[in-house]
Amino acid sequence: MASHLHRHAVAAALLAGALVLAGTAAAARHAATADEPDFGPNVKIFEPGMSTTAIKTRIDKIAARQIPNQFGTDRYALLFMPGTYGSAAAPLNFQVGYYTEVAGLGSTPNDVTVNGTIDVYNQCFPDGCTALVNFWRSLSNLTINVAGKGGCQFGEFWATSQAAPMRRVHVNGFATLMDYCSNPAYASGGFIADSQFTGSTVVNGSQQQYLVRNSSLDGWTNAVWNQVFVGVQNAPAQSFPNPPYTTLATNPASRERPFLYVDSNEHFNVYVPDAQLNGSGTTWAGGQTPGHSIPIEDFFIAKPTDGVRAINDALTQGKNLLFTPGVYNVDRTIRVNRSDTIVLGLGMATLTAQNGVVPMTVADVKGVEVAGLIFDAGPTTSPALLQFGDQTPAGPSDASDPGALQDVFFRIGGPHVGKATASLVVNRDNTILDDIWAWRADHGSGVGWTTNTADTGVVVNGDNVVATGLFAEHYQKYNVFWAGENGKTIMFQNELPYDPPNQAAYQHDGVLGWAAYKVADSVTTHEGWGLGSYCFFNVDPTIHASHAFEVPVTPGVKLHDILDLSITNHGTIDHVVNDFGPPTDADTHPSYVVEYP
């Protein structure tokens, strides 16, 4: 999303390791399990027998490095063995920085309990404190009994923006998605799935938009522009646009992300949840999530030093693939050709395209899941960064065993110059896209209209594709182009590119600008809920975009609860969808359309 300076402009319009642990229990376990997988030096595994002070000391050193490390190369996974950590008298409170995954290793969130908090706060810059660039981190598969910390910072703080998912978490106590202790305290998230909140209302605060799905709430405070709830027990009632809550009782299709866990013998496995249709509430409310387990021996555990040839050889031999934390320079395509292959990243593992290759392709086979990875473009243009399904149109598929992408993020520029025609191309039918952020960088290194070039963030050619939490920003043509039939998107967030130099550079076929979300003219069935697009043309604020959304005018194509706006009058979007809906105004007020057509 925006740089912190630009995000303050947004917000002005809003409502107000190397370290050694001495625990004897840990030493005994490691001595007894010589066959424990080698996850590399940046996977830190904690035991309930370790002292709270020792755990906190170790994590605090990582956090101190990672909290300001927006475009660095360090990656970490902090994993907690089943048990209890901290206490009311000595709570465990720590922060989570960039490229850090925090996860429990139990089979359910009830198996790992943290008495304390696991927090993300605002970052402070010369022009103020904000959560608007708190990206690329995650929290999953544990219970937090809120304890410790006093005053303003009491409670569980998860003040993040895009690419910072919370999954399979039970928060018992006060939780806020906004850090209101330092101003101006703005945020632009976000994604929560398969989670439970008890004991307090969740504070949305300044979050511009948010998706909560397949979860359970005790309450929710407010909305700003676009808050969406699907399959959430005790969600706010449907009320768009006043306040802008979009609420669906059930989720048409979901597949929870695969996760690493240990069994009763402390043997490592990956659990693969089943797909779910028309679901509501958490998958683990009655115990174990329906699904199946894969032993860690069935995975090739990749390190950044491994070449693509070794990775592809392992895939050919029938292995699944686990990327340990780090940055992988991918000089030839990683090819996933076997059905039901699991590709799982730990610690925001990052695949960087070299020499214009497509870093990963998935064949037209059923049940493949790709989760927990960042794909970075390199300086030579790649046609795509991830191609899911190898035919257009897609081949036959199995609706009971859909492919899925969970927490998969794409970057064009930011850490370095990047170029790609498209970021994600989905050719496979019956695919679930669950928390996708495709981002053409507006800040960082290698940023400029002719520098980090990219046409489109997400291209969908497959039929029956469902997207829950689709974020695509700053691409130079359509941010999303959807050509498949019977697609569904539940919660879409977009910013148009900031940096077109002038109107002549940003128009096509007699249309000013490019729509954020384009459904191909040939499509006869498509539906979307809670879709928002914003403009901030800061290079030339006189630029217009004719439409935020473009869809065929046909009875089978329906959009519900959609909006656009101009951030502090930096440009104009003339219509919300096609030629319907008023132009954006000068005061950052959304233009809403409740139903189209």
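**Figure 1. The disulfide of Cys124 and Cys129 in the predicted model.** The sulfur atoms of Cys124 and Cys129 lie 2.0 Å apart, and the two residues form a disulfide. A disulfide is a covalent bond between the sulfur atoms of two cysteines. The angle about the S-S bond is 110°, and the link of Cys124 and Cys129 is right-handed.

**Figure 2. The disulfide of Cys152 and Cys181.** Here the sulfur atoms of Cys152 and Cys181 are 2.1 Å apart. The torsion about their S-S bond is about -105°, so this disulfide is left-handed. The pair links distant parts of the chain, with Cys152 in the loop between E9 and E10 and Cys181 in the loop between E12 and E13, 29 residues apart. Cys152 counts as partly exposed at 40% relative accessibility, and Cys181 counts as partly exposed at 29%. The count of disulfides comes to two. When the bonded cysteines of the chain are numbered in sequence order, the pairing is 1-2, 3-4.

**Figure 3. Strand E11 and its partner strands.** Strand E11 spans residues 166-172, and six of its seven residues are buried. Strand E9 (residues 137-146) runs parallel to E11 and is joined to it by six bridges. One of the residue pairs here is Ile144 with its bridge partner Val171 in E11. Val171 also has a bridge partner in strand E14, namely Phe197. E14 (residues 196-198) is parallel to E11, and three bridges join the two. Strand E13 (residues 191-193) is likewise parallel to E11, with two bridges between them. In E13, Ile192 is the bridge partner of Met166. In a regular strand the side chains alternate between the two faces of the sheet.

**Figure 4. The open sheet of strands E10, E12 and E15.** The three strands stand in the order E10-E12-E15, and the pairing is parallel. Strand E10 (156-157) and strand E15 (202-203) are at the edges with a single partner strand each, so one side of each is left without a neighbour in the sheet. Two bridges join E10 to strand E12 (residues 175-176). In E12, Ala175 is the bridge partner of Glu156.

**Figure 5. Strands E24 and E25 with the helix between them.** Strand E24 (residues 299-302) and strand E25 (residues 320-323) run parallel and are joined by four bridges. Between E24 and E25 the chain passes through helix H4 (residues 308-316), and this β-α-β crossover is right-handed. Phe299 stands opposite Asn320 in E25.

**Figure 6. The surroundings of Asp376.** Asp376 is found in strand E30 (residues 369-376). Is Asp376 buried or exposed? Its relative accessible area is 3%, and the cut-off for buried is under 20%, so Asp376 counts as buried. The side chains of Asp376 and Arg411 are joined by a polar contact of 2.7 Å. Leaving out residues up to four places away in sequence, Asp376 touches Thr350, Leu351, Thr352, Ala353, Leu385, Arg411, Pro415 and His416.

Methods:
Residues numbered from 1 in each chain as written. Predicted model: local features only at pLDDT ≥ 70, side-chain atom pairs only at ≥ 80, totals over all residues. Heavy atoms only, no water. Pairing = 2+ DSSP bridges. Right-handed = clockwise from strand over helix to strand, strands pointing away. Buried < 20%, exposed > 50% of the residue type's maximum accessible area, 1.4 Å probe, protein only. Polar contact = N/O pair within 3.5 Å; in protein donor to acceptor, adjacent residues only side chain to side chain. Contact = heavy atoms within 4.5 Å. Disulfide = S-S within 2.5 Å.
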